[in-house]
Amino acid sequence: MKITLNGESHEVADELRLDALLESSGYANKRVAVEINRQIVPRSRYSEHQLKPDDRIEIVHAIGGG
Amino acid sequence: MTHTDTDMLVIAGRPYQSRLLTGTGKFKDLEETRKATEAAGSKIVTVAIRRTNIGQDPEQPNLLDVLPPERYTILPNTAGCYTADDAVRTLQLARELLDGHKLVKLEVLGDQKTLFPDVVQTLEAAERLVADGFDVMVYTSDDPLLARRLEQIGCVAIMPLAAPIGSGLGIQNRYNLLEIVENAKVPVLVDAGVGTASDAAIAMELGCDGVLMNTAIAGARDPILMAHAMKLAIQAGRAAFRAGRIPRKRYASASSPIDGTIG
């Protein structure tokens, strides 16, 4: 299925859960926050959150800023 | 024990040992960020919230690895946000990122050339964030009435600019700042415009509770030395404010006694 990840289109496996997406992107146990279709998904729910086609996913982190 | 030991900056009920708050942007690398932050002695450091680079090596060191939240109060900002919606959304993500952390820096910009704040959007965002339980430190223009309004809304610190962000023009508005400082019951921190140490000292001598800066340090030829200079300037300016300066007079007043001169 197709999802949009940080503004870019990605093809991923159907029935993918959020924790698996984070794992495969290298963000397992990293300090990130995730928003799907403008709703924040709390860390505690990563493993149960099922992704759907056309989900718009934002993964953010802290970087240098003033 | 010195006078400064008890003279803490208190924001939202929490004391901080340093009145210098520093940004973490524009440094050469994370090591320079870490060293400059240490030299500045800052306890509160701002960070920006941005998309991760998908595909980039996630094992790269992270800002929060060199400035761990256990040692520093991380102040997520809304830099780059031009609407109240974007600002609120960014800080909600920041709260999730930082495990429920409530202290945030709100800035909603209105113009790309000056980076002046959009005060209408800022007010709206501040109201929504306060209602949502955030402790909001708010970047604003130097308008005393607006500062009062932001305080009434429930912001925990008012942070007027001294000059445009990154301009290094120094304190351009000392009477406005003075008016804001004298009327505010929450801390007032200069946020933006400082160019060198004397600017920071002037802000503190006016009675500001602190200064937040980034470019003045990160953009200096030697950022770590400038961070050190800023730390001293903040301490000197604060001490001078507390000590109470002498009034300005047009003519001289001899320092040595007149009585007993020979001849």
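Across the interface of chain A and chain B, 18 residue pairs come out in polar contact, both partners at pLDDT 80 or more; a polar contact here is a pair of N or O atoms within 3.5 Å, where within protein one must be able to donate a hydrogen and the other to accept it, and residues adjacent in sequence count only if both atoms are side-chain atoms. The model is a predicted one, so to speak of local features takes pLDDT of at least 70 and side-chain atom pairs count only at pLDDT 80 or more, while totals for chains, interfaces and linings use all residues. Residues are numbered from 1 along each chain as its sequence is written, chains are lettered from A and ligands numbered from 1 in the order in which they are written, and side-chain values use heavy atoms, with hydrogens and water left out.

On the side of chain A that touches chain B, the elements giving two or more residues are strands S3 (33-36), S4 (39-41) and S5 (56-64) of chain A, helices (H or I, at least four residues) and strands (E, at least two) being DSSP runs numbered from the N terminus. S5(A) gives the most, with seven residues. By residue type, this side of chain A splits into 12 nonpolar, nine polar and six charged; Ala, Val, Leu, Ile, Met, Phe, Trp, Tyr, Cys and Pro count as nonpolar, Asp, Glu, Lys and Arg as charged, and the others, Gly among them, as polar.

The rule also picks up four salt bridges across the interface of chain A and chain B, each a side-chain nitrogen of Lys or Arg within 4 Å of a carboxyl oxygen of Asp or Glu. Arg43(A) pairs in this way with Asp99(B), and the closest N and O atoms are 2.8 Å apart.

In terms of contact (heavy atoms within 4.5 Å), chain A puts in 27 residues and chain B 31 residues. The size of an interface is often given as the accessible area lost when the parts come together. For chain A and chain B the buried area is about 2,700 Å², with 54% of it from carbon and sulfur atoms; this is the accessible area (1.4 Å probe) that two parts lose on being put together, summed over both. In chain A, Arg31(A), Ala62(A) and Gly66(A) lose the most area to chain B, together 24% of what that side buries.

Strand pairing (at least two DSSP bridges between two strands) also links the chains: S5(A) and S4 (residues 44-51) of chain B run antiparallel over five bridges. Within that pairing, Ile63(A) stands opposite Ala48(B) in S4(B).

A few single residues are worth a look. Thr22(B) sits in strand S3 (residues 20-22) of chain B and is buried at 2% relative accessibility, where buried means under 20% relative accessible area, exposed over 50% and partly exposed in between (1.4 Å probe, protein chains only). The Thr22(B) side chain makes a polar contact with that of Ser42(B) at 2.7 Å. Beyond four places in sequence, Thr22(B) touches residues including Ile44(B), Val45(B), Met213(B) and Ile217(B).

Ala192(B) lies in the loop between strand S9 (189-191) and helix H7 (197-205) of chain B and is likewise buried, at 9%. Its C-alpha atom is 5.9 Å from that of Ala162(B), 30 residues away along the chain.

Asn6(A), in the loop between strands S1 (2-5) and S2 (8-11) of chain A, has a positive phi near 45°.
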